[in-house]
Amino acid sequence: MTTDTVSNPDKVEKHNFQAEVSRLLHLMVHSVYSEREIFLRELISNASDACDRLRFEALTLPELIKDDPDFKLTITLDSEAGTLTLSDNGIGMSHDDLVSHLGTIARSGSSAFIEKMTAASKGNKDGQGDKKGDKAEDVKMIGQFGVGFYSVFMVTDNVKVISHKAGTDESWCWQSDGIGEYSLSPATRAGRGTDIIIHIKEDATEFLEEYRIRTIIKTYSDHIALPITLVTTKDGEEKSDKINEGIALWTRPKSEITAEQYTEFYHHVGHATDDPWLTLHYRAEGVIEYAVLMFIPSQPPMDLFDPARKARAKLYVKRIFITDDCEDLIPGYLRFMRGIVDSEDLPLNISREMLQNNPVLTKIRTAVTKKILTELEKKAKKDPEAYAAFWHAFGAVLKEGIYEDFSRRDQLLALTRFETTTADGLQSLDDYVGRMKDDQKNIYYITGDNLAAAKRSPQLEGFRAKGIEVIFLTDSVDDFWLQMVPEYKDKKFQSVTRGVADLEDKKDGADGKDDSSKTTPEIDALIGVLKTSLDGSVKDVRLSSRLTDSAVCLVADDGDMDIHLQHILKQHQQLDQTTPRVLEINADHALIKAIAAAAVKENSVDVLKDTARLLFDQARIMEGEMPEDPVAFAHRLSAIMTSGLT
Ligand code: ADP
Ligand code: MG
């Protein structure tokens, strides 16, 4: 070992862990998780990242690695001392790096995640059901949240991190038992890099067994572009074995790569724990040259709807990691993709500014996007069931592309799936259009907060009765793309909650504008009474052809904003006042008939004032809204109930 701590007690600083870290560590120390070996995956992954980062820095500052140009990781097993040590010659950490990287959790979203995890484990302690399984799931997700290092506390009661940041001449020793605090003291370490010295705790001695460690390292390092050596001592003799070749997985021929290696690489590159739903590995040769190894996860990562909408694909140039923060590499609507793109054409010393609007990058993005969408098309055709699983996980994200990527609008629309009023399971627009009735011009849809709510909408009644299929669109992005996409394959998108429903049987060229056939003097009188009573609250009152069971419903007028979109905008404080809507009444409904009979009598406006309000509020409630004046509503309802009972 090339390291040793300076044992000067005066210089030891004590630091408390950030509260979230303490909570996480508590979880780790008391972990019931059976796959504790993942700590090694996390540490190997960190060493590999540290080397990647320095390799990148050295592009502009070659002197950083002049003395020691070959990156490597050495893992030493000392069963006598009961320690496992990982030594890398990566970028290393300074005093302040150690404090911020190994004492806090910086990544956004992580803290919220830990809150959730600890809530679940508390539930367990309080005996609220067996949450053991959940807890194991939680721990499994650790890597995804940038808290990977702390997983070491599943197997140790004392860990030392001795680190020397490249380009500095200081070394520091960070030490902790994982309970509440850690210490920092000056140390000596020959050359840059990091040693992680793990004292394996009593119930984890399996991690001192050579065979076990060898197998784990092999599993987690086969795909990594960092050579790893395992050093063991047997009968006083030191033995070192090269465990992997240290060749980047994407540079190897597909035929030589196993499914397990792909999966492990995906876990490493995507901070993921699930299996990839799709693996995309290819090399593009031609005007521009690059390799792609990308994955579509099978489970949505937690930060999928993070407002930043950052894609997390990593950009490499000639095998050197450049950045995982390059917005131009993958469009936001494919941000669920994980993996790498390795370009041969970009300059190695490319700067952040140069990455913006870079023509090579733009070409790569266009080609990769095309490839991904083509793969999705294939999968949708070949295996609709698997595609449905993808759609449930990422459909809402993919749909953002419909309004963001004009050039691929139709392709994305064709990939879209939804449920409908008449068919079982997920349907495509082509399925829908193929089933349209001969005289049907529009693609009918309804948007809503969720499927159950949308299914209950009174506006669907007439469509159901006539057997006209209506599409349910229940993701919040739906209202937005529908605003911008008027049609698909020459068929207009038409909301069933807007405009006049064109549902009457067409005879003699009647275009169904208003349904005069049902108009009686009573109905006319009622419409007049309602218009007067609800003046200011509704835009218009008219007969409905879309209702069969309900007495009334509200619809947006042609050209006005769809009702659900108004709700969404109001929720997000982007709309102060909803525009008045049209109240439609069902002339066949017993209640409407009864009220209509009263409407032709004298003073009917005064007599029916409350009834008009109640009808209107009823329609609002069916839209999931509050009555305009809830107290007045309650009074009116009470009065009517009283008169009915006395
Ligand atoms: P993540 O790797 O997801 O960022 P970790 O908890 O695994 O989260 O590590 C936290 C941080 O600690 C890393 O981002 C890195 O900055 C630093 N770090 C961990 N291990 C090393 C190492 N071997 N060399 C240099 N820095 C490291
Ligand atoms: Mg890590």
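A residue is called buried when its relative accessible area is under 20%, exposed when over 50%, and partly exposed in between, using a 1.4 Å probe and protein chains only. The model described here is predicted, so local features need pLDDT of at least 70 and side-chain atom pairs count only at pLDDT 80 or more, whereas totals for chains, interfaces and linings use all residues. Residues are numbered from 1 along each chain as its sequence is written, chains are lettered from A and ligands numbered from 1 in the order in which they are written, and side-chain values use heavy atoms, with hydrogens and water left out.

The protein has 646 residues, 51% of them buried. Its secondary structure comprises 22 helices and 23 strands, where helices (H or I, at least four residues) and strands (E, at least two) are DSSP runs numbered from the N terminus. Contact means heavy atoms within 4.5 Å; among contacts between residues at least 6 apart in sequence, 72% join residues at least 24 apart.

The interior comes next. In soluble globular proteins, nonpolar side chains tend to be buried together. A nonpolar core is a set of buried Ala, Val, Leu, Ile, Met, Phe, Trp, Tyr and Cys residues joined through side-chain atoms within 4.5 Å. The largest such core holds 73 residues, of which Phe336, Leu376, Phe390 and Leu398 touch the most other members. Leaving out residues up to four places away in sequence, the neighbours touched by Phe336 include Phe295, Ile296, Pro297 and Leu304, along with Phe390, Phe394, Val397 and Leu398. A second, separate core has 56 residues, among them Leu25, Ile198, Ile228 and Leu230.

Leu637 belongs to helix H22, residues 630-645, and counts as partly exposed because its relative accessibility is 35%.

Side chains of opposite charge can pair when their charged atoms come close. With a salt bridge defined as a side-chain nitrogen of Lys or Arg within 4 Å of a carboxyl oxygen of Asp or Glu, the structure holds 36 salt bridges. One of them joins Asp68 and Lys72, at 3.7 Å from N to O; Asp68 is partly exposed at 26% relative accessible area, and Lys72 is partly exposed at 38%. In another, the closest N and O atoms of Asp328 and Arg365 are 3.8 Å apart. Asp328 lies in the loop between strand E14 (320-323) and strand E15 (338-343) and Arg365 in helix H9 (residues 359-382), so this pair ties together parts that are 37 residues apart in sequence. Arg365 is partly exposed, with a relative accessible area of 23%.

Glu584 and Arg542 also form a salt bridge, their closest N and O atoms being 2.8 Å apart. Because Glu584 lies in strand E23 (residues 581-585) and Arg542 in strand E21 (residues 538-543), the pair ties together parts that are 42 residues apart in sequence. Both Glu584 and Arg542 are buried. Salt bridges that share partners join Lys539, Arg542, Arg546, Asp557, Asp560 and Glu584 into one network.

Arg546 also touches Thr497, whose other contacts beyond four places in sequence include Ile446, Gln459, Val555 and Ala556. Thr497 sits in the loop between strand E20 (491-495) and helix H17 (521-533), and counts as buried at 6% relative accessibility. Its side chain makes a polar contact with the side chain of Asp562 at 2.9 Å. A polar contact is a pair of N or O atoms within 3.5 Å; within protein, one must be able to donate a hydrogen and the other to accept it, and residues adjacent in sequence count only if both atoms are side-chain atoms.
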